[in-house]
Amino acid sequence: MQNYIFTAFLAIGLILNSVGCKKPDPAAENRTQLESQWKIQTEGLVNGNKDMFVSVLSTDTAAAPVKVNFAFNAMHGLAKLAKFTTASLRIDDVQFTADFTQATVKTAHVDAKSPSGWKPFPKPENWIKEGDQWKRQF
């Protein structure tokens, strides 16, 4: 009788473990975190908010103010000239390193002439994980 009870508890435990204890998907979790940071960057660029833009830069990148000023002014100028909004920019693809410490982010913007309606930017963005946050690195 004890063997039957033990077997029943073991079977129930295995079923509950396989149903309720799914391991988190690190790629999905990291992508969600990175997209959140990317949206902050995009909003800063579109609205001309340099502090917001700088808040998502890596420590090494932020430590080079001449580089940051040039990049911000150039990207904000492009966004203004092209009349980009946050809705007209998107992430097309994210590729993480195996240890989820670096990511290559391919982005695109709305383009009515493109068959898909979106045109990729020519160069991907580089992002690194600093602590528990994704930061853009130039």
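Analyst: Start with Trp 134: at 0% relative accessibility, this residue counts as buried. Buried means under 20% relative accessible area, exposed over 50%, partly exposed in between (1.4 Å probe, protein chains only). The model is predicted: local features need pLDDT of at least 70, side-chain atom pairs count only at pLDDT 80 or more, and totals for chains, interfaces and linings use all residues. Residues are numbered from 1 along each chain as its sequence is written, and side-chain values use heavy atoms, with hydrogens and water left out.

User: What counts as an aromatic pair?

Analyst: Rings of Phe, Tyr and Trp (its six-membered ring) pair if their centres lie within 6.5 Å. Planes under 30 degrees apart are stacked, over 60 edge-to-face, the rest tilted. Here the count comes to 5 aromatic pairs. Phe 84 and Phe 121 are edge-to-face, at 6.0 Å centre to centre and 80° between the planes.

User: Which parts does the pair of Phe 84 and Phe 121 tie together?

Analyst: Phe 84 lies in the loop between H5 and strand S1 (89-96), Phe 121 in the loop between strand S3 (118-120) and S4, so the pair ties together parts 37 residues apart in sequence. Helices (H or I, at least four residues) and strands (E, at least two) are DSSP runs, numbered from the N terminus.

User: Are Phe 84 and Phe 121 buried or partly exposed?

Analyst: Phe 84 is buried, at 12% relative accessibility. Phe 121 is partly exposed, at 25%.

User: Which ring pairs with Trp 134?

Analyst: Phe 96 does, in a tilted pair: 5.4 Å centre to centre, 50° between the planes. Phe 96 lies in strand S1 and Trp 134 in strand S5, so this pair ties together parts 38 residues apart in sequence. Elsewhere, Phe 53, Phe 72 and Phe 138 form one aromatic cluster.
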